[in-house]
Amino acid sequence: MSIEMAIDVFQTMIKFALQMVSPILFTAIGVGVAVSVAQTITSIQEQTLTFVPKLFAVSAVMIVGGGWFLTGLINYAQGVFELIGTMGR
């Protein structure tokens, strides 16, 4: 494996990981900001109040986007295995 190929594989891996994590991360950030604003407006400072909405929102994103996540993971794994197969030649 050349250094260029290794860098390309690493870049592809990082891009794929960011692509898979970003919907979950942005959902958690958005819900967290919304709950924080609501807490500030109502002067309720309960730490556990932010956890439950994030849990439900992230769970909903994972359920709704589960097919997309799984399809992406399968395609990425197939690409990696094909790359491994071509390295022996």
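Begin with helix α1 and its partners: the buried residues of α1 pack against α2 (51-64) and α3 (66-87). Here helices are DSSP runs of H or I with at least four residues, strands are runs of E with at least two, and both are numbered from the N terminus. Contact means heavy atoms within 4.5 Å.

Before continuing, note that this is a predicted model, in which local features need pLDDT of at least 70, side-chain atom pairs count only at pLDDT 80 or more, and totals for chains, interfaces and linings use all residues. Residues are numbered from 1 along each chain as its sequence is written, and side-chain values use heavy atoms, with hydrogens and water left out.

**Stop 1: the whole chain**

Display the protein as a cartoon. It contains 3 helices and 0 strands, and the order of elements from the N terminus is α-α-α. The radius of gyration is 19 Å, well over the 12 Å that the globule rule gives for 89 residues, so the protein is more spread out than a compact globule. That radius is taken over C-alpha atoms, and the globule rule is 2.2 Å times the number of residues to the power 0.38. Along the principal axes, the C-alpha atoms fill a box of roughly 65 × 25 × 15 Å.

Now switch to a surface. Buried residues make up 15% of the 89 residues. The term buried denotes under 20% relative accessible area, exposed over 50%, and partly exposed in between (1.4 Å probe, protein chains only). Among contacts between residues at least 6 apart in sequence, 69% join residues at least 24 apart.

**Stop 2: helix α1**

Select residues 3-42. At 1.5 Å a residue, the 40 residues of helix α1 should span 58 Å, and its end C-alpha atoms are 56 Å apart, which agrees. The expected span is 1.5 Å times one less than the number of residues.

Centre the view on Ser22. Helix α1 bends by about 40° at Ser22, and the proline Pro23 follows within four residues. The bend is the angle between axes fitted to the seven residues ending at a position and the seven starting there.

Next, colour the buried residues of α1: Phe16, Met20, Thr27, Val31, Gly32, Val35 and Gln39. An α-helix has 3.6 residues a turn, so residues three or four places apart point the same way. For contrast, select Ala34, which is also found in helix α1; at 46% relative accessibility, Ala34 counts as partly exposed. Ala34 and Phe16 are 18 residues apart in sequence, with their C-alpha atoms 28 Å apart in space.

**Stop 3: the aromatic pairs**

How many aromatic pairs does a search of the whole structure find? The search finds 2. To see one of them, select Phe16 and Tyr76: their ring centres are 4.5 Å apart and their planes lie at 5°, so the pair is stacked. Rings of Phe, Tyr and Trp (its six-membered ring) pair if their centres lie within 6.5 Å; planes under 30 degrees apart count as stacked, over 60 as edge-to-face and the rest as tilted. The pair links distant parts of the chain, with Phe16 in helix α1 and Tyr76 in helix α3, 60 residues apart. Phe16 is buried at 14% relative accessibility, whereas Tyr76 is partly exposed at 22%.

**Stop 4: the end of α1 and beyond**

Select Gln39, in helix α1. Is this residue buried or exposed? At 8% relative accessibility, Gln39 counts as buried. Beyond its neighbours within four places in sequence, Gln39 is in contact with Ile44, Gln45, Glu46, Leu49 and Thr50.

Move on to Ser43, in the loop between α1 and α2. Ser43 has a positive phi of about 60° although it is not a glycine. Most residues other than glycine have a negative phi. Ser43 is exposed, with a relative accessible area of 59%.

Finish at Leu55 in helix α2, which is partly exposed at 41% relative accessibility.
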